Amino acid sequence: MRILVVEDEKRIADFLGRGLQGAGYAVDIAPDGASAIQFTHDTDYDLVILDLMLPDMDGLKVLERIRSRRAGPPVLILSARGQVDDRVKGLETGADDYLTKPFAFVELLARVRALLRRGQPAPEKLQVADLALDCTRRKVMRGNEAIELAPKEFGILEYMMRNKGRPLSRTMIVEHVWDMDYDGLTNIVDVYIRHLRSKIDDRFPQKLIHTVRGIGYMIEAPEKSAFRTGLDSAPVEKPV
Ligand code: CA
């Protein structure tokens, strides 16, 4: 996967470049709008991370150029301009997501991964361990037991299961499950996660919803290694 970072502030560009490379992506850096347009013309990127305030032009102009071509890459706007107007304008111009500076790298990475996943066809049935969610019939089963969920609970669970194994921030969950007009607190996510846990996790020995410190939540099957460690009395350590 190859990512273009359009960012004129060298400190941020270096930080993003290092972080994304560390996460296994190939990264190019464009320091201004003209080179960004040139780069996206020459190379098929899987994702573009776009700053709005560039020295030679407004980042939205770059976005328009990317969107003027067929099947351009997803674009994540990363900007200090966090007003609702700017977010709406960015999304209307064709950005796929919008993150306001300052940002936590883990949150950026979670969004990058969600965007890169989006191109893949969405399965109708989602499964995490013995938890199954049928997106079409809107049914949830844990093992043989049918579980009733309220619409928002279902929405959160579906979003988490589509991104299983990926930490999702409260903001991401709010933005995907509540509509754009919702500007209440992200604590509401904690309330809904409590409800979800009481319905799908509390009565079962294997917990699937995990709290990820400093970020939010993630759904994941318990790891096989964890099973093994649980069964074996002492974990086997290999000599180094
Ligand atoms: Ca800038």
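These legends describe close-up views of a predicted model. Local features need pLDDT of at least 70, side-chain atom pairs count only at pLDDT 80 or more, and totals for chains, interfaces and linings use all residues. Residues are numbered from 1 along each chain as its sequence is written, and side-chain values use heavy atoms, without hydrogens and water.

**View 1. The largest nonpolar core has 29 residues.** A nonpolar core is a set of buried Ala, Val, Leu, Ile, Met, Phe, Trp, Tyr and Cys residues joined through side-chain atoms within 4.5 Å. Buried means under 20% relative accessible area (1.4 Å probe, protein chains only). L157 and I219 have the most contacts inside this core. Elements that give two or more residues to it include helix 5 (105-118), helix 6 (151-162) and strand 12 (216-219). Helix 6 gives the most, with 6 residues. Apart from this core lies another, of 19 residues, among them V27, L76, F105 and V112.

**View 2. I219 and its contacts.** Contact means heavy atoms within 4.5 Å. Leaving out residues up to four places away in sequence, I219 touches V128, L131, L157, M160, M161, K164, G165, L208 and I209.

**View 3. An open sheet of 3 strands has the order 10-12-11.** Helices (H or I, at least four residues) and strands (E, at least two) are DSSP runs, numbered from the N terminus. Two strands pair if DSSP finds at least two bridges between them. Pairing in this sheet is antiparallel. Strand 10 (168-169) and strand 11 (209-212) each have a single partner strand, so one side of each lacks a neighbour in the sheet. Strands 11 and 12 pair over 4 bridges. H210 stands opposite M218 in strand 12.

Note on methods: Buried means under 20% relative accessible area, exposed over 50%, partly exposed in between (1.4 Å probe, protein chains only).
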